[in-house]
Amino acid sequence: MVRPRNSTEVGIVLSEAQKHAIAVIPQGGNTGLVGGSVGNDSFQHIIVSTRLLRDPIEFDAATNQLTVSAGWMLSEVQKFAETKGLEYPVDIAARDSATIGGTIATNAGGIHVIAHGMTRAQVVGVEIVVPDGRVLHDISPIAQGFVHGLCDDVVGSEGTLGIITKAQLQLQQPRTAQWTAIVPTDSLDQAVKLSLKLGSDVLASEIMQTQTALHVAQHAGKQAISAEYSWLVLLESDGPLIHLPDDSLVAFSAHDRRELWSYRERHTEYIATKKNVLKFDARVPVSALETFVSEVRQIATHTTGNAKDFVVFGHLLDGNLHLAISNTGDPAELQDEIAALIISHNGSIRAEHGIGQAKSRYVDQGFTSAELVERAKRRDRFDPNRIMNPSIG
């Protein structure tokens, strides 16, 4: 592992790696769930950590944009934005350890995608060092991400084109939550209909299984939630409170809203207590969620013999689900079945966490031949020798 402090040092490392045909794997906070920032024993490689890329943040009050090095943490950028009376809306549970460079490389989504869009919607300029050592730069007071189509190429590229060293981000006027609620519901379709009633006032719409939420509560020493219904939808809004079922939990203060969010955000902590867990993210059309989850549950139950081994939660209105199946044994066949289901529903295997090594064998699925050709051409422009993150397709 090497830890460069600036783009010049990154360029030296990459040009030497290319000269000696050594693979390079960029690593930010190493919070990814698909193995995109770690190596394996199948090839010689250098891990390039971006954690020390931490030039002072520059803020342009005229445009409400900031320029930030890749090593700054997401939460640090969020807090900086708050000091300016603004908001950086990308938000994920790993906010305190995920780096800005990593969130851009994976086009991170998170809990506010439905209100603000993915990371790509916030990036107006980027700096990247490519394998021959050159620094490609699209950051300026009038940057719009159009130089060589750099932003469109780089955001979501998962370290396959080069190493992101800086980014120019668009901050937003803050949307302050007025209330948060956990609402019991019988089905995903009902949860979607309820969420859509919020219209443009929606800030978040998250779904979780009631039984799993009960286990999370027990694990975390929290108050149990009524188990009468199959699902719980967590809604957050900056508009007026809508009519909700009587057995909903509603919070208005910041403290109480954080308490409700903890039922959702501590799912990963609870899943970590299980054995032999297969994690798989999926993005499918919202109209297909009910059917898709039912089909995955059948596969999981048939594989493990216990419906309790299947956990699903995630971002409801953008169809982005986190699947976890424990006690799986060899997960390869199970992964293949789930991947095939996602494709059959016109979904995305990449979802919001990327391909990484965990999904590399599916990297060509769900794309047309023309899209695959274009992807290969893009990689050839940046990395013709394929030294950047070669595990990812």
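At what angle do helix α10 and helix α11 pack, and how far apart are their axes? In this predicted model, α10 (residues 289-304) and α11 (residues 332-344) pack at an angle of about 165°, and their axes lie 11 Å apart.

**View A. Packing of helix α10 with helix α11.** An angle over 145° counts as roughly antiparallel, and α10 and α11 are therefore roughly antiparallel to each other. The crossing of α10 past α11 is right-handed. From α10, the residues Phe292, Glu295, Val296, Ile299 and Thr303 take part; they meet Leu334, Glu337, Ile338, Leu341 and Ile342 of α11. By class, the residues of this contact of α10 with α11 are 7 nonpolar, 1 polar and 2 charged.

**View B. The open sheet of 7 strands.** The strand order is β11-β8-β10-β9-β13-β14-β12, with antiparallel pairing. At the edges are β11 (249-251) and β12 (278-283), each of which pairs on one side only. On average, neighbouring strands of the sheet are turned by 15° against each other, direction ignored.

**View C. Pairing of strand β9 with strand β13.** β9 (residues 202-209) and β13 (residues 310-315) run antiparallel and are joined by 3 bridges. Ile207 stands opposite Gly314 of β13.

**View D. Helices α6 and α10 on the strands.** Helix α6 (residues 188-196) lies across β8 (179-185), β9 and β10 (231-237), and runs at about 15° to β10. Helix α10 packs on the sheet and touches β9, β10, β12, β13 and β14 (320-325). The direction of α10 makes about 10° with that of β14.

Conventions. Residues numbered from 1 in each chain as written. Predicted model: local features only at pLDDT ≥ 70, side-chain atom pairs only at ≥ 80, totals over all residues. Heavy atoms only, no water. Axes fitted to C-alpha atoms, helices over the stretch in contact; angles between N-to-C directions. Helix = DSSP H or I, 4+ residues; strand = E, 2+ residues; numbered from the N terminus. Parallel < 35°, antiparallel > 145°, perpendicular 65-115°, else oblique. Left-handed = near helix turned anticlockwise from the far one by under 90°. Contact = heavy atoms within 4.5 Å. Nonpolar A, V, L, I, M, F, W, Y, C, P; charged D, E, K, R; others polar. Pairing = 2+ DSSP bridges.
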